[in-house]
Amino acid sequence: MTQHATRIATAHHAVTVLSQTNTVTDWMIRYFGQWWNAEPATAPFSGPLVTADVNATTVTTYTQNVSNRPHQETTYANTRMLYGRTSGHVVTAAQPSEHLAYRSEPGHLHIVGHETLPVCLAAARLAREVVRGQLLADGWSILHASAATDPDGQTVLTLGGKGSGKTTTALLLARAGWRLLANDRVFVRPDSDGIRVLPWPSAAAIGLGLLDALATDRRKPLWNENGKELKPQLFPHQLSEWLGLSLATEGRAAHLLFPHITPATTPAKTDDSRAPSAEDFFTAATEDRYADVFELLPSEQLIPKRALDLLSHLPHHSITLSHDVKDNTAFLTELLAAP
């Protein structure tokens, strides 16, 4: 049977995704291609491999292998996962409610599922985790921030907690002619010229109110019956194809923003003395979505003191934004153009 392949690479690190279904490998190109370099590949393949296929029989086999032996449980990507380790660093895992199962050994991770879409999602997630492990081992760290770059690659990092306005700030800048580098997380690493920034490819949860504003210059959030704002997930290629945003593959940290959104206000700088801190970085202890079940990450992840020091010396401002797109955009453009 024909095997399809996509190679995904960034900052000299890579993983190859293989599948008997070209939908899987095409998905990798759409998901990673405009942030990381993803393109069709041909054998021989070098480096780590992720194989992802639709095979219900293998799902059953892997699931029985893990459930019939001593195993552990965790929550992985918001879903219950069973997993067990054997000699030789082999890990077998299953997510029964998703009809997904896995077998991992050094250099090769096999994913199987009942349907194509869940397999695509799992393959994208774990291909990213493979490269993430390589980047962390190479001195990169993960910062909880959105990012947008100007034409020269100078990057504005926007930091803050959930709902603070990180995604809003990055999207407004991208709509004003900057390039979107990331909406929630970035990789950062100091070098002789400052701090390099790489994107963390992911779907972006964007409120329907903000999407409406990006299209019509209005911002009227839409809420469900529980009072939670409706936020569809847009994948990286949709940010480009649907919203017309340009995406960046790399940048260099130049400015930090700490926003707070107050609906009925005038956008302005505030007196808050917020500065970057260790809590703005993700570590193994603070990762809340992807437990390292498959042992893809370095065993020790320390707070990057030099990166934190360099970030602390960059120009930074605490700001308040409103729900008015034009006012916010004019304010951000003027603020970042100031010497």
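**Notebook: helix, rings, cavity and loops**

Helix α3 is followed by glycine 139, and the phi of that glycine is positive, near 100°. I note at the outset that this is a predicted model, and I read every entry below with that in mind.

**Entry 1, helix α3.** I looked up the extent of helix α3 and found that it runs over residues 116-137, which gives 22 residues. From its first C-alpha to its last it reaches 32 Å, close to the 32 Å expected at 1.5 Å a residue. I then asked how many of the residues of α3 are buried. The helix is mostly covered, with 16 of its 22 residues counted as buried.

With centres within 6.5 Å as the rule for a pair, the count comes to 9 aromatic pairs. In one of them, the rings of tyrosine 76 and phenylalanine 294 have their centres 6.5 Å apart, and because their planes stand at 75°, the pair is edge-to-face. Tyrosine 76 belongs to strand β5 (residues 72-76), whereas phenylalanine 294 sits in the loop between β20 (281-282) and α7 (305-312), so this pair ties together parts that are 218 residues apart in sequence. I checked the cover of both partners: tyrosine 76 is buried, at a relative accessible area of 1%, and phenylalanine 294 is buried too, at 4%.

Phenylalanine 294 has a further partner, for it also forms an aromatic pair with tyrosine 102. Which geometry does the pair of tyrosine 102 and phenylalanine 294 have? I noted it as tilted, with 5.3 Å from centre to centre and 50° between the planes. Since tyrosine 102 lies in strand β8 (residues 100-105) and phenylalanine 294 in the loop between β20 and α7, the pair ties together parts that are 192 residues apart in sequence. Tyrosine 102 is buried, as is phenylalanine 294.

The structure holds 1 cavity of 30 Å³ or more, and the volume of the largest cavity is about 30 Å³. Sorted by class, the lining has 3 nonpolar, 1 polar and 1 charged residues.

Proline 44 is found in the loop between β3 (37-40) and β4 (49-54). I then noted alanine 11, a residue other than glycine with a positive phi, near 50°. Alanine 11 has its place in the loop between β1 (4-10) and β2 (13-19), and because its relative accessible area is 18%, it counts as buried, the limit being under 20%. Histidine 99 likewise has a positive phi, of about 55°, although it is not a glycine. Where is histidine 99 placed? I located it in the loop between β7 and β8, and at 40% relative accessibility histidine 99 counts as partly exposed.

Finally I compared sequence and space for two pairs. Glycine 163, in the loop between β12 (154-159) and α4 (166-175), is exposed, with a relative accessible area of 62%. Its C-alpha atom and that of isoleucine 261, 98 residues apart along the chain, are separated by 8.1 Å. Alanine 93 has its place in strand β7 (residues 90-95) and counts as buried at 0% relative accessibility. Alanine 93 and leucine 239 are 146 residues apart in sequence, and I noted 33 Å between them in space, C-alpha to C-alpha.

Terms used
Residues numbered from 1 in each chain as written. Predicted model: local features only at pLDDT ≥ 70, side-chain atom pairs only at ≥ 80, totals over all residues. Heavy atoms only, no water. Phe/Tyr/Trp six-rings, centres within 6.5 Å; stacked < 30°, edge-to-face > 60°. Helix = DSSP H or I, 4+ residues; strand = E, 2+ residues; numbered from the N terminus. Buried < 20%, exposed > 50% of the residue type's maximum accessible area, 1.4 Å probe, protein only. Expected span 1.5 Å × (residues − 1). 1 Å grid on protein atoms, 1.4 Å probe; cavity = no way out; pocket = protein on both sides within 12 Å on 5 of 7 lines; lining within 4 Å. Points joined across faces, edges and corners; volume = space filled by probe spheres on them. Nonpolar A, V, L, I, M, F, W, Y, C, P; charged D, E, K, R; others polar.
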